[in-house]
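Trainee: I have a structure open and would like to go through it with you. Can we take it piece by piece?
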Amino acid sequence: MRIDVLTLFPAMFAGPLDESIIRRARDAGILDLRIHNLRDWTHDRHKTVDDRPFGGGPGMVLKPEPIFEAVEALRRDHPVPPRVILTSPSGRVFNQTLAEELSKEPSILLVCGSYEGFDERLREHLADDELSIGDYVLTNGALPAMVIVDTVARLLPGALGHDQSSVEESFSEGLIEYPHWTRPAEFRGWRVPEILMSGNHAEIARWRRQESIRRTFLRRPDLWDKQRWDRPPKS
Ligand SMILES: C[S@@+](CC[C@H](N)C(=O)[O-])C[C@H]1O[C@@H](n2cnc3c(N)ncnc32)[C@H](O)[C@@H]1O
């Protein structure tokens, strides 16, 4: 999968996306990640990307011209036109279902906002989608873009060592995950549940599913209410 990111802060991406599973996915050619500096599509001496809002008010707004020009140039560079996504607190709230949907796209282009955000014409005439990573406001779209890249990349076939890992984890079935333990079997007097050491895989699977259901009911009533109980579990 190819992911392009358009940002005013390309240096922020070095580090988080250069380690661990994402690094391996990039090295293996599973993820083709390209970070672009929005200022490369400006034409004035000061590389201006923002201007004052019409109607007054605090802060600056991202101008339409450099972003239109950048996105159009990157679209031409793609064999398949990418889905263009603005990062914005007013977008649809990103979740695991959306991550799964995006991981099936051949390519996406994430546009990071800054200052007060985007000129509205970018929303109306350029973007295919607008995503928020939660109901809080960050200083710019670099961290949201990294969150989206990380979440999507680990779902790509071959990115995780064991493909089942992403099937069984939190939110994959609208439930949060069951608890895990590792050795030692007893630590400071706290013992691991006996069932997990029984070797009875069918019973263990049943117990884990019950724990997922119990925890979702107790901790995430919002997810519980959205459950479709007629749906068989994923295998
Ligand atoms: C300071 S914020 C702009 C906030 C905007 N004035 C508002 O009230 O919605 C600057 C940029 O950071 C990014 N951003 C901030 N919080 C975000 C969130 N929760 N999800 C996605 N992007 C976010 C967006 O790209 C946004 O354009």
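Trainee: How many Å separate the centres of domain 1 and domain 2?
Mentor: The centres of domain 1 and domain 2, taken over C-alpha atoms, are separated by 36 Å. Keep in mind that this is a predicted model.
Trainee: Which residues belong to domain 1 and which to domain 2?
Mentor: Domain 1 is 2-153, and domain 2 is 168-226.
Trainee: On to the sheet. What is the strand order in the open sheet of five strands?
Mentor: The order is β2-β1-β6-β5-β7, and the pairing is parallel. The edge strands are β2 and β7 (129-132), each of which pairs on one side only. From one strand to the next, the twist averages 30°.
Trainee: What holds paired strands together in general?
Mentor: Strands of a sheet pair through backbone hydrogen bonds.
Trainee: Back to this one. How many bridges does β1 make with β2?
Mentor: Six bridges, in the parallel sense, between β1 and strand β2 (residues 32-37). Leu6 stands opposite His36 in β2, and Thr7 has Asn37 as its bridge partner in β2.
Trainee: What does the chain pass through on the way from β1 to β2?
Mentor: Helix α1 (residues 20-27). The β-α-β crossover formed this way is right-handed.
Trainee: And how many bridges join β1 to β6?
Mentor: Five bridges join β1 to strand β6 (residues 107-111), and the two run parallel. Val5 stands opposite Leu110 in β6.
Trainee: Is strand β1 mostly covered or mostly open?
Mentor: Strand β1 (residues 2-7) is mostly covered, with five of its six residues buried.
Trainee: Now the ligand. How many residues surround the ligand?
Mentor: There are 19 residues around the ligand, and the closest are Thr87, Gly113, Gly117, Gly141 and Pro144.
Trainee: Which strand gives the most to that shell?
Mentor: Strand β5 (residues 83-93), with four residues.
Trainee: How does the shell divide by class?
Mentor: The shell around the ligand has seven nonpolar, eleven polar and one charged residues.
Trainee: What is the phi of Ser20?
Mentor: Ser20 is not a glycine, yet has a positive phi of about 55°. Ser20 lies in helix α1.
Trainee: Why does Ser20 count as exposed?
Mentor: Ser20 counts as exposed because there are 11 C-beta neighbours inside 10 Å, and the cut-off for exposed is 12 or fewer.
Trainee: And what is the phi of Lys47?
Mentor: Lys47 also has a positive phi, near 50°, in a residue other than glycine. Lys47 is in the loop between β2 and β3 (50-51). With 14 other C-beta atoms within 10 Å, Lys47 is partly exposed.
Trainee: Last one. Where does Glu169 lie?
Mentor: Glu169 lies in the loop between α6 (164-167) and β8 (186-187). Glu169 counts as partly exposed because there are 16 C-beta neighbours inside 10 Å.
Trainee: How many residues apart in sequence are Glu169 and Lys47, and how many Å apart in space?
Mentor: Glu169 and Lys47 are 122 residues apart in sequence and 44 Å apart in space, C-alpha to C-alpha.

Terms used
Residues numbered from 1 in each chain as written. Predicted model: local features only at pLDDT ≥ 70, side-chain atom pairs only at ≥ 80, totals over all residues. Near = placed C-beta within 6 Å. Nonpolar A, V, L, I, M, F, W, Y, C, P; charged D, E, K, R; others polar. Buried ≥ 20, exposed ≤ 12 C-beta atoms within 10 Å, placed from the backbone. Pairing = 2+ DSSP bridges. Right-handed = clockwise from strand over helix to strand, strands pointing away. Domains from an automatic or database assignment. Axes fitted to C-alpha atoms, helices over the stretch in contact; angles between N-to-C directions.
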